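The nonpolar core and a few backbone details follow.

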Amino acid sequence: MGAHPVARCGTVKAIVVRAHGGPEVLTLETVPDPLAGPGHALVRMESIGVNFIDIYFRRGQYSASLPYTPGTEGAGVVVAVGDDVTAVAVGDRVASQNFVGAYAELALARADRLVPLPGGMSMRDGAAALLQGMTAHYLAASTHTLQAGDCCLVHAAAGGVGLLLCQIARRHGAFVIGTVSTAEKATLATEAGANETILYTRQDFVTEVKRITGGVGVQVVYDSVGATTFLKGLDCLAPRGMMVLFGQSSGPVQPIDPQLLSQKGSLFLTRPTLTSYVATPADLRWRAGDVLAWVHDGSLRLRLDRELPLARAADAHRALEARETTGKVLLAP
Ligand code: NDP
């Protein structure tokens, strides 16, 4: 949420957060046009991605200096570039998960973090694919490199990341067990490739994982839920398995004694973030290239849960927090 130079030559509509709090702090305001400084490009947003991380910032769980415009993800057309920019040009159709203040009609990004959209790909798909798609990509390909025959547990398997992770894990040849809160979500997770689903709101998922794996456990747990699932997830792992804690939709995880990892079978624990896995231009090209190509050729299916007008950003957050969504939530500027 860094500061960027602004020109006072025009105005745009943007969501502004002036105090941390509930969804009601997301208000539509008229703000000055941003100006593309050195290394940056200004994009007219055509579709904006809503992500759980936007909620952590809004609540103040992750720090952002106030006031700020939320959002990091979207797709649109480049309308201006800084003097030194050669990576993109005015008129290019681009997407990124690295916008500063994406919940707006115009948003800035570093030009080298913009990804060109394949010809024919819709702005909606461009906005929906990158953040959750590249997250699923790095989790399955790099954090724990899934091999054919591996068994993985994907929590919140019908969520935005979850549906994509089920598909990509299956691409790697893994056996996928997905947890979900409702029968409807179980159907969606199964359609996305989950071999087995567990209703973790009704069933004990440790017992179920042990039953499904014949007592062995899974090689990796992908946990984005956090507080309510983390400790029990450790009991689902095979010896030397890996706990990948990548989110906290139900709340933050309390500190643990590392000795616990030893007691439960020489486990590995990592708390990864997408930023580290797309830090280099080569990593960004690799992951964005794969995800957009798979979406384009139909082998990775995006599920659009809902699209709301920018002015209703608060309703988008309410739905995500209330576990009502399955797949991507978009805002239309
Ligand atoms: P989701 O679509 O997955 O929404 C969150 C889901 O979590 C809900 O639908 C719900 O599924 C489940 N959930 C369980 N308990 C709760 C609770 N108390 N409140 C709300 N939801 C709950 O969101 P995203 O796909 O946008 O993000 C998923 C997670 O991944 C987030 O935690 C996000 O921060 C994280 N993430 C991390 C990244 C990283 O690199 N580290 C990158 C991208 C996302 P159900 O009803 O089935 O339980």
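Helix α2 provides four residues of the shell around the ligand, the largest share. In this predicted model, α1 (52-59), α2 (123-143) and α3 (160-171) each give at least two residues to that shell. The shell has 28 residues, of which Tyr-138, Ser-181, Lys-185, Tyr-200 and Arg-323 come nearest to the ligand. Sorted by class, 12 of the shell residues are nonpolar, 12 are polar and four are charged. Both domains take part: domain 1 (11-130 + 278-332) and domain 2 (147-271) each contribute at least three residues to the shell.

At Pro-272, a polar backbone atom is 3.0 Å from a nitrogen atom of the ligand. The ligand taken alone exposes 910 Å², and the protein buries 92% of that.

Next comes the protein interior. In soluble globular proteins, nonpolar side chains tend to be buried together. Here the largest nonpolar core holds 53 residues, and Met-134, Leu-139, Leu-146, Cys-152 and Tyr-222 have the most contacts inside it. Helix α2 again gives the largest share, with 11 residues of this core. The core lies between domain 1 (11-130 + 278-332) and domain 2 (147-271), because both give residues to it.

Is Asp-223 buried or exposed? This residue sits in strand β11 (residues 218-223). Asp-223 has a relative accessible area of 0%, so it is buried, the cut-off being under 20%. Its C-alpha atom is separated by 30 Å from that of Ala-19, a residue 204 positions away along the chain.

A few backbone geometries remain. Most residues other than glycine have a negative phi, and most peptide bonds are trans. Leu-66 and Pro-67, however, are joined by a cis peptide bond with omega of about -10 degrees, and Pro-67 is in the loop between α1 and β4 (73-81). Arg-240, not a glycine, has a positive phi of about 65 degrees. It belongs to strand β12 (residues 237-245) and counts as exposed because its relative accessibility, 66%, is over 50%. Ser-266 also has a positive phi, near 50 degrees. This serine is in the loop between α7 (259-263) and β13 (268-270), and at 45% relative accessibility Ser-266 counts as partly exposed.

Key. Residues numbered from 1 in each chain as written. Predicted model: local features only at pLDDT ≥ 70, side-chain atom pairs only at ≥ 80, totals over all residues. Heavy atoms only, no water. Near = heavy atom within 4 Å. Polar contact = N/O pair within 3.5 Å; in protein donor to acceptor, adjacent residues only side chain to side chain. Areas by Shrake-Rupley, 256 points an atom, 1.4 Å probe, with all protein chains shown as cover. Nonpolar A, V, L, I, M, F, W, Y, C, P; charged D, E, K, R; others polar. Domains from an automatic or database assignment. Core = buried A, V, L, I, M, F, W, Y, C linked by side-chain atoms within 4.5 Å. Buried < 20%, exposed > 50% of the residue type's maximum accessible area, 1.4 Å probe, protein only.
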